[in-house]
Amino acid sequence: MPFQIKEDPTLYDVVIVGSGAGGGMAAYELTKAGANVCMLEAGGFYDPGDSKFITQLKKPWDSPRRGASSKFRSFGDFDAAWGGWQLEGEPYTQKEGSDFWWFRSRMLGGRTNHWGRISLRFGPKDFKRKSIDGLGEDWPISYEDIEPYYDRVDKLIGVFGSREGLPNDPDSIYLRPPKPRLHELKVMEGNKKTGVLTIPSRLSILTESINDERGQCFYCNQCNRGCQAYADFSSSSVLVKPALKTGKLKLINDAMAREVLTDDNGKATGVSYVDKISKQEYSVRGKVVILAASACESARMLLNSKSSRFQNGLSNSSGVVGKYLHDSTGADRMAFVPSMVGRKRYNEDGVGGLHVYSPWWLDNAKLDFPRGYHIEYWGGMSNPSYGFGFGMEKLNGKYPGSDGKMKPAGGYGAALKEDHRHFYGSYIGMSGRGESVAREDNYCEIDSNTVDKWGIPVLSFNYKWSDYEIKQAKHMQDTFEEVIDGFGGIPVGDKPGADTNYGLTKPGQIIHEVGTVRMGNDPATSALNSNCQSHDVKNLFVVDGGAFASQADKNPTWTILALSMRAADYITKQMKSGGF
Amino acid sequence: MKRRDLLKNIGLGTVGVAISGNAIANDLRVPNVPLIRRNIIIGDDGEFTGPANGKQAKELAYDQSLMDQQFFDEHEMATIAVLADIIIPADSTSGSATDSGVPDFIEFIVKDMPYHQVPMRGGLMWLDSESKKQFGGKRFIETTMGNRLKLVDMIAYPEQAKPEYSQGVKFFNLMRDLTSTGFYTSEIGVKDIGYMGNQPNFWDGVPQDVLDKHGVSYADWEKHLTK
């Protein structure tokens, strides 16, 4: 440890590391409850309503690379995420044979700035999977424990959808869902034949006004760019800024947290961090420390917080910290739809994402893999960006042109322009996103040989898919072809086969990684109790995806928000009774 | 940003889409600036500079550094321009590739995506070499338009091209891709393709005539709302 640490003399009630879904919600709830909170964020300040930061509604030609990805933004020039799969000077490493992808956004609000806004509650079965199929671990809470918090999250943030009464896809309190686009109507119609349940999607985008601080969606399809009307959920706009308004939150940007500090009694006393601008070491003191730096960053911090008392790292007497890392599965397919060529032009941008989706509709007891997946649909007359028009030679020789005649593939000139117009918007794609089974041998740990540019030891990943996930991906591909057939499409390219694990994404690529600091009733097999509180260090909490005992066939954000809100409730009660 | 500027910025002043009155509110602006320790991004060179126009300082600096370099020489740029206008010529709907700035886009993109550099430079050399072989020692842009098209026809149709032109086909595919993408992401091209979005509006579903043409309706969808 450096010889000189600058300590802020303030004793905060709570120090929070991270400003994404978990950290933002904790800051919002705790400041509203009157606590003095200090938040450390490793990236810069960000406000999608400030012209300095706005990428929304920029034109394709405003980007010299026409919106393609760059080394500074993996998801392209217009995407809100500052960061991506690799950050300069902040490496991560892999164990032999592992290929885990880790996406990091270094900015206020973290990855909630660019995410898909798919806001699904976990269902009753999702908390008790081990009891159903014997795999993984049950959560220490049930749906009934978290339901009131889901209700509160719905009302605070806003989510659209439809009440379906499905047994394992509980309804939220919904705003009006947007009408499906043409390709989505075709999917709904086609899926009447396939039996793949297809319903209005559930996204945290304001189709109706919910308060005076946020605007209504104006249908530009660009939630991933951040919304200047604050009409979609991002932690920065919806949680952190209102928390700042209370005057109870001190936000420190560009603060790269190093470790949780503890005293001789084994209590957390604060957090040390590197100020990225001055490269000086600082610390802040808090009666309670909350980690919300993302599943892997929080695990990294705990494992790096070693002391003579905590030789395995903090909150790790069980040895589970870093283990049971699991991401959602993913596989995709695209189809050409002959009935959609030569379309009439109109603005069908809609909201930033799907208007319909297919929640898991089958029973795993009758299948050769455990755990389900949902299907997201995409397509339509979208905003051209880098890659638009690529590969015409694979399309225009197969299908008649606007004159109804066949011609050789490829070509050039006025006929090529006519082909671009003719085939525009005639594709439908789909993406399966499924639940993987958490395993002890999929983990992240501290790399004993490598530090980042701040001198902080980095993570090394070990992650391999099992047959469960591979068979699930195979099922996705089979289903995709049925769905495509249902709406009268023609699959593009070859069907992904066993040689590619059926197109199964690399672990980490879906950016739903969870489970590294899991909760449980038994301190020997879990790091946190059901309140996201460390078994070992009573004034230490982890409120990001790290706390999950298992993923679901759903996106994790809504559950991170509800768990963080629940933990904040518990902390507030404990503080009032002098619990810390 | 002040509300009236924001309205101007997203065009609501003219479109008149209903957005909750106080929604885009100044009062959500953080009034207590000192709480936010700093509002700057550090560049890789260690200089403190601010983000602007939706870009971080390091992005602005990087893009500028690419623009300050020149990859293609004059002859290569001239060849790219001729090829690009063969691929996307002006027609009754819109202008040509060069009208939309495709050569400059290609010059930038090969610096940004260096894996395009050898295929592009080598492909241009291949084209000139083939042109000299066939047309009395003249490079592609030095020969007649008739000869140019004769050569292009040999490499523009992958399924009909002779096997000995396979490298030329590959190059022409890349050139077709980059020209098409450069054109259709330009102002001229977006107008040509008829993309009508990227502006504030209200989505109220597919136009009735389109529903009718495709034989679909909102009847089933509406059932979901009444549950």
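**View 1. Strand β11 of chain A and its two antiparallel neighbours.** In this predicted model, strand β11 (residues 329-336) of chain A runs antiparallel to strand β17 (residues 490-491) of chain A, and two bridges join them. To find the pairing on this side, look for Ala335(A), which stands opposite Pro491(A) in β17(A). β11(A) also runs antiparallel to strand β14 (residues 427-434) of chain A, this time with eight bridges between the strands.

View 2. Stepping back from β11(A), you can trace an open sheet of six strands in the order β6-β12-β13-β14-β11-β17 (chain A). Its pairing is antiparallel. Which strands stand at the edges? They are β6 and β17 of chain A, each of which pairs on one side only. Helix α8 (residues 467-486) of chain A packs on this sheet. There, α8 touches β11, β13 (373-379), β14 and β17 of chain A. The direction of the helix makes about 20° with that of β11(A).

View 3. Follow β15(A) to its partner, strand β16 (residues 457-462) of chain A: the two pair in the antiparallel sense over five bridges. A handy landmark is Ile446(A), which stands opposite Leu459(A) in β16(A).

**View 4. Strand β10 of chain A and three of its pairings.** Strand β10 (residues 281-291) of chain A runs parallel to strand β1 (residues 6-17) of chain A, and eight bridges join them. In this pairing, Val17(A) stands opposite Leu291(A) in β10(A). Strand β18 (residues 540-542) of chain A also runs parallel to β10(A), joined to it by three bridges. Val289(A) finds its bridge partner there in Leu540(A). Strand β9 (residues 268-275) of chain A, by contrast, runs antiparallel to β10(A), with five bridges between them. The bridge partner of Tyr273(A) in β10(A) is Tyr282(A). β9(A) and β10(A) form a hairpin with five residues between the strands, where Lys279(A) takes a positive phi near 60°.

View 5. We now move to chain B, whose secondary structure comes to 11 helices and two strands. Of its 227 residues, 33% count as buried. Helix α6 (residues 117-134) of chain B has 18 residues and reaches 26 Å from its first C-alpha to its last, close to the 26 Å expected. Which residues of this helix are buried? They are Met120(B), Gly123(B), Leu124(B), Leu127(B) and Ser131(B). Seen down the axis of α6(B), the buried residues fall within an arc of 100°, so they line one face of the helix. Their cover includes α4 (74-87), α5 (102-112), α7 (145-155) and α8 (166-184) of chain B. The face turned away from the buried side carries the exposed residues Val118(B) and Lys133(B). After α6(B) comes Gly136(B), whose phi is positive, near 60°.

**View 6. The meeting of chains A and B.** How many residues of each chain take part in this contact? Chain A has 91 residues in contact with 78 residues of chain B. On the chain A side, the elements that give two or more residues are α4 (182-194), β6 (199-200), α5 (235-245), β7 (249-252) and α7 (414-423). By class, this side of chain A has 39 nonpolar, 26 polar and 26 charged residues.

Key:
Residues numbered from 1 in each chain as written. Chains lettered and ligands numbered in written order. Predicted model: local features only at pLDDT ≥ 70, side-chain atom pairs only at ≥ 80, totals over all residues. Contact = placed C-beta atoms within 7 Å. Helix = DSSP H or I, 4+ residues; strand = E, 2+ residues; numbered from the N terminus. Nonpolar A, V, L, I, M, F, W, Y, C, P; charged D, E, K, R; others polar. Pairing = 2+ DSSP bridges. Expected span 1.5 Å × (residues − 1). Buried ≥ 20, exposed ≤ 12 C-beta atoms within 10 Å, placed from the backbone. Arc of directions from axis to C-beta. Axes fitted to C-alpha atoms, helices over the stretch in contact; angles between N-to-C directions.
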